[in-house]
Amino acid sequence: MVDASTVQKVCLRGRDADLAALAAVLAEAAAGRGAALVVSGPAGIGKTALLAAASSGCSGDREAGDGITVLAVTGCPAESALPFAGLHRLLASAPDNRRVPYPAAIHRPLAGPERGAGPERGAGPERGAGAERGAGPERGAGPDGAPGGRLAAGLAVLGALRATAAVGPVACLVDDAHALDRASLDALALAARRLGGEPIAVLFALRDGPGCAPAEAALAGLPRRRLAPLDLRASRDVLADAVPDLAGDVAGVLAGLAAGSPRALIELAGALDGDQRRGDAAPPAAPPRDGPLRREYRAILRTLPAPARSALVLAAAEALTAGPGAPAGCRAALLLAAGHPPADLGPAERAELIHVEDGWVRFGPPLLAHVVYAEATLAERHAAHRRLAALGGAGAALHLAAVADGFDDGLADRLAAAAGGAPPGPAAEALRRAAALTTAPARAAERTLEAARLAWRGGEPHRARLLLRGVFTAAVPPPLHAERELLLGEIELRTGASADARHTLLAAAAGLTGRRALRAFELAGEAVCAAGRHDLFPEVAARALRLHPAGPAEEMALARFEGLAAGFGGRPERAGPALRRVLELAGAVDEPAALVRAAWAGIIAGQDEVAHRLAARAARLARGVGDRAVETLALEVAATAALALGDLDLAGAGAAEGLRLAAATAQDAVADNCCGLLAVIAGMLGDAGGCRGWIRRCRARAGADIDSQARAMCVWAASLVDVAEGRHADAAGRLWGVMRTAVGRGHLGVQVPAIPTLVECVVRCGDAGPARTVLQAYDRWALSTANPTWLALSERCHGLLAAGDDEADAHFREALRLHLAGDSAFARARTALLYGEELRRRRRPAAAREHLRGALATFEQFGAVPWAQRAAAELRAAGDHAPGAEPDGRAGLTAQQDRIARLVAGGATNREVAAALFVSPRTVDHHLRNIFVRLGVRSRTELARVMS
């Protein structure tokens with residue numbers, strides 16, 4: 001079992017933003033601006049842990065609520081019928097030196113010997129004075145249920161809290177608000193709506209679910225923060241805290257099973273035996289029978305009539321048999337055909353155990369389907385499967401397999417045939433069951449391998465690796481072993497173990513031939529690059545180039561090897577033609593993974609627009625066939641191409657979407673790269689807070705055998721912030737750390753584009769010698785690509801290094817001309833600023849102003865506040881009047897963000913904004929989060945005030 005302190009710790013994993021929201025409420029109270037917040041979510045999502053953390057924060061520094069007196073109460077079902085019982089316990093929880101006067105305007109149903117109800121806290125003058133500002137005798141409480149009585153009670157509570165807050169801030173923490181008596185909840189809610197100008201905070205934790213509607217109504221109108229389920233990464237962190245020796249793949253499977261509920265994660269982890277922790281046995285599919293979650297669900301299920309329970313067992317059997325990736329429920333028509341009319345579902349629907357919409361019956365709480373299935377008897381489960389199988393359809397074979405006893409090759413063949421037209425997740429489940437029913441070991445291994453491959457495509461790497469464990473014996477042909485290593489290596493590469501992946505993939509290549517061997521070498525080459533070991537790439541390329549498979553995709557792969565080997569070998573002039581050949585061949589290829597690799601080649605070749613088009617096409621094709629693994633990678637590459645194009649908004653939206661999908665599919669390496677991209681974008685804009693936030697989220701590492709691209713991007717991003725804030729020596733120190741080309745280490749995809757920043761820093765530090773050396777390498781790459789933006793940055797660097805004014809003018813003017821051809825507005829503004837600064841120092845203010853005005857306008861459009869401030873300062877120094885970088889509350893927004901902010905402030909929903917601007921709702925959501933951060937607002941209401 002997991003101890004209580006560990007439970008408290010792990011429930012806060014992934015809750016940084018939620019903790020910050022609670023801390024902000026406490027800070028508002030400490031500053032004398034009363035605030036309230038309702039934290040809601042299903043049972044086990046972590047509400048109690050958050051309130052406990054908030055209580056602990058009240059003894060910290062002043063910003064977190066130093067010196068705040070904490071009053072706390074937890075709703076008690078046994079007292080929910082006693083008016084003001086909860087309020088009595090809340091007020092009695094105050095420390096002895098900050099006793100709260102019990103409001104005289106409220107009768108005391110619990111008055112008696114317990115603490116807080118004795119003579120020293122009676123209804124004498126002291127208490128009357130405390131309540132004076134809330135409700136006097138002329139506004140007596142009256143009957144508990146009368147509107148006038150509720151108003152008087154609420155004002156009386158407010159008066160009592162005000163009296164206590166007169167000597168210091170007060171925080172009221174109400175946990176399990178749904179179980180508090182209604183009189184107390186009404187009074188506290190009314191008081192919480194009237195806290196303006198008072199050093200008081202009120203935090204409610206409210207459960208979503210059956211029987212909680214009255215509490216929802218009582219707290220209506222208060223600010224609400226609903227706790228989202230933990231993502232897979234945070235869920236795996238919870239499991240690592242709870243069970244340190246848990247195998248990673250087991251943790252991934254349990255994380256998917258728990259659907260983001262910390263409580264479910266902890267209970268599932270606590271039920272594991274030794275074999276299950278190591279992954280040698282299948283993990284449990286339901287919480288332990290004697291655990292709190294299972295008992296709670298069981299108690300609810302027992303209240304349902306028999307027809308409702310029977311219908312739920314059928315729905316659970318259908319949902320769980322279909323396997324991961326299928327809808328968490330079943331079609332309503334299926335239950336009707338099985339003899340359950342809609343009326344049978346009514347009790348479960350009213351209890352919010354299921355939701356019926358769009359013809360589907362879906363389970364609500366996490367793991368409920370598993371508990372329903374586990375609580376049914378074996379006879380009930382088998383009867384449900386047989387009834388569903390009798391209905392026929394694509395799932396009939398799966399239900400027969402669920403009750404099969406022993407091998408059955410005929411049924412196995414039916415399952416394998418059914419997998420052919422199913423999405424990856426359900427198809428993987430069908431093949432897994434088919435393998436278990438297959439008598440021939442080699443045939444069973446083939447089906448298991450294909451099941452694992454489909455699980456991986458469906459976004460379940462942990463399930464895929466568990467499927468591959470221990471199923472291959474000496475009777476299995478060697479090529480199947482090599483195929484197994486190929487799949488394992490690909491999964492290792494995308495989930496962050498690139499050093500291990502290289503060895504696994506090279507071993508797989510040795511056992512394969514033709515196209516499959518080429519596939520292994522392609523992935524091994526990616527693993528070499530991901531580990532920052534481009535010195536090893538030529539050897540992998542040489543082995544691949546000895547193969548001669550036919551076909552456009554294979555010809556494209558060989559051209560890519562040729563081009564990258566030349567580039568990594570220091571011959572960019574030979575790399576360009578080969579990589580451009582890759583782009584020519586890509587037009588005849590429809591394989592998403594091959595198109596992603598072609599897009600990477602396009603980025604390296606400086607063909608950013610072509611690269612973005614190929615990556616976007618790859619994402620669409622992968623999405624169409626349910627290949628979430630390749631779709632995630634394609635989104636990352638598309639964002640990288642957009643960044644190279646200079647479209648920072650497009651790059652940010654793409655990287656955010658890639659990060660979301662990578663987190664959902666446990667592709668940690670891709671997730672880290674997306675964090676790195678977002679950090680670089682924030683760094684370019686001079687957004688120090690945003691940059692640091694993305695760097696913290698990136699978990700990529702560096703070591704003796706690996707130097708991840710994501711970590712290199714984070715270093716580059718931090719150096720960009722240093723440059724924006726004028727710390728050129730610090731930036732140069734960071735960048736020299738990633739420039740390790742002499743020993744063949746690092747990432748050319750970061751090293752080369754970071755060179756212009758390094759040159760700028762070194763020149764500002766007064767040492768031009770090293771800058772000239774690194775610039776030579778950059779010039780060779782830029783010339784090999786003929787990319788106008790790359791060439792413009794080269795000219796900018798030569799302008800900074802120029803020996804005379806005329807030479808500098810020539811280089812800067814050529815840089816600005818090339819920038820126009822490259823259509824990279826932000827890079828052009830940076831060049832214009834540098835040139836304007838140079839002209840002003842040469843006492844040519846009129847010429848300087850021409851460039852500085854354009855730079856300032858661009859920086860303001862991008863919301864690059866530090867750069868706008870710097871350009872404005874230079875303009876003023878050049879004799880021009882320039883407004884501050886933040887003339888009003890809307891400064892710092894890009895043009896697109898300003899349009900979104902105005903629409904949202906006018907009351908439009910995210911979907912309505914998306915339709916108006918021809919973008920996706922997810923893009924709107926991404927921009928809206930950035931708008932909130934940049935404007936310092938927490939809600940749409942605050943945004944409307946700022947935009948008014």
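1. Ground rules. This is a predicted model, in which local features need pLDDT of at least 70, side-chain atom pairs count only at pLDDT 80 or more, and totals for chains, interfaces and linings use all residues. Residues are numbered from 1 along each chain as its sequence is written, and side-chain values use heavy atoms, with hydrogens and water left out.

2. The parallel sheet. Here 5 strands make an open sheet, ordered β2-β3-β4-β1-β5, with parallel pairing. Strands are DSSP runs of E, at least two residues long; helices are runs of H or I, at least four long; both are numbered from the N terminus. Two strands pair if DSSP finds at least two bridges between them. At the edges are β2 (69-74) and β5 (224-226), and each pairs on one side only. On average, neighbouring strands are turned by 15° against each other, direction ignored.

3. Strand β1 and its partners. β1 (residues 35-41) pairs with β4 (residues 200-207) in the parallel sense, over 7 bridges. Within this pairing, Leu37 has Leu203 as its bridge partner in β4. Val39 stands opposite Ala205 in β4. β1 also pairs with β5, again parallel, over 3 bridges. In β5, Arg225 is the bridge partner of Val39.

4. Is β1 buried or exposed? It is mostly covered, with 7 of its 7 residues buried. Buried means under 20% relative accessible area, exposed means over 50%, and partly exposed lies in between, using a 1.4 Å probe and protein chains only. Ala35, Leu37, Val39 and Gly41 are buried on one side, and Ala36, Val38 and Ser40 are buried on the other.

5. Helix α7 (residues 182-192) lies across β1, β3 and β4, and runs at about 135° to β4. Contact means heavy atoms within 4.5 Å. Axes are lines fitted to C-alpha atoms, for helices over the stretch in contact, and angles run from 0 to 180 degrees between N-to-C directions.

6. The antiparallel sheet. Another open sheet has 3 strands in the order β6-β8-β7, and its pairing is antiparallel. β6 (329-331) and β7 (354-357) are at the edges with a single partner strand each, so one side of each is left without a neighbour in the sheet. The twist averages 15° from one strand to the next. Between β6 and β8 (residues 360-363) there are 3 bridges. Gly329 stands opposite Arg362 in β8. Helix α14 (residues 306-322) packs on this sheet and touches β6, β7 and β8; its direction makes about 100° with that of β6.

7. Aromatic pairs. The whole structure holds 7 aromatic pairs. Rings of Phe, Tyr and Trp (its six-membered ring) pair if their centres lie within 6.5 Å; planes under 30 degrees apart count as stacked, over 60 as edge-to-face and the rest as tilted. The ring centres of Phe826 and Phe859 are 5.6 Å apart and the planes are at 65°, so this pair is edge-to-face. It links distant parts of the chain, helix α42 (residues 825-841) and helix α43 (residues 845-862), with the two residues 33 apart. Phe826 and Phe859 are both buried.

8. The cluster. Which residues do ring pairs link into a cluster? They are Phe826, Phe859, Phe862 and Trp867. Phe826 and Phe862 are both buried.

9. A charge over a ring. Arg381 lies over the face of Tyr373, 5.4 Å from the ring centre. The test requires NZ of Lys or CZ of Arg within 6 Å of the ring centre and within 35 degrees of the ring normal.
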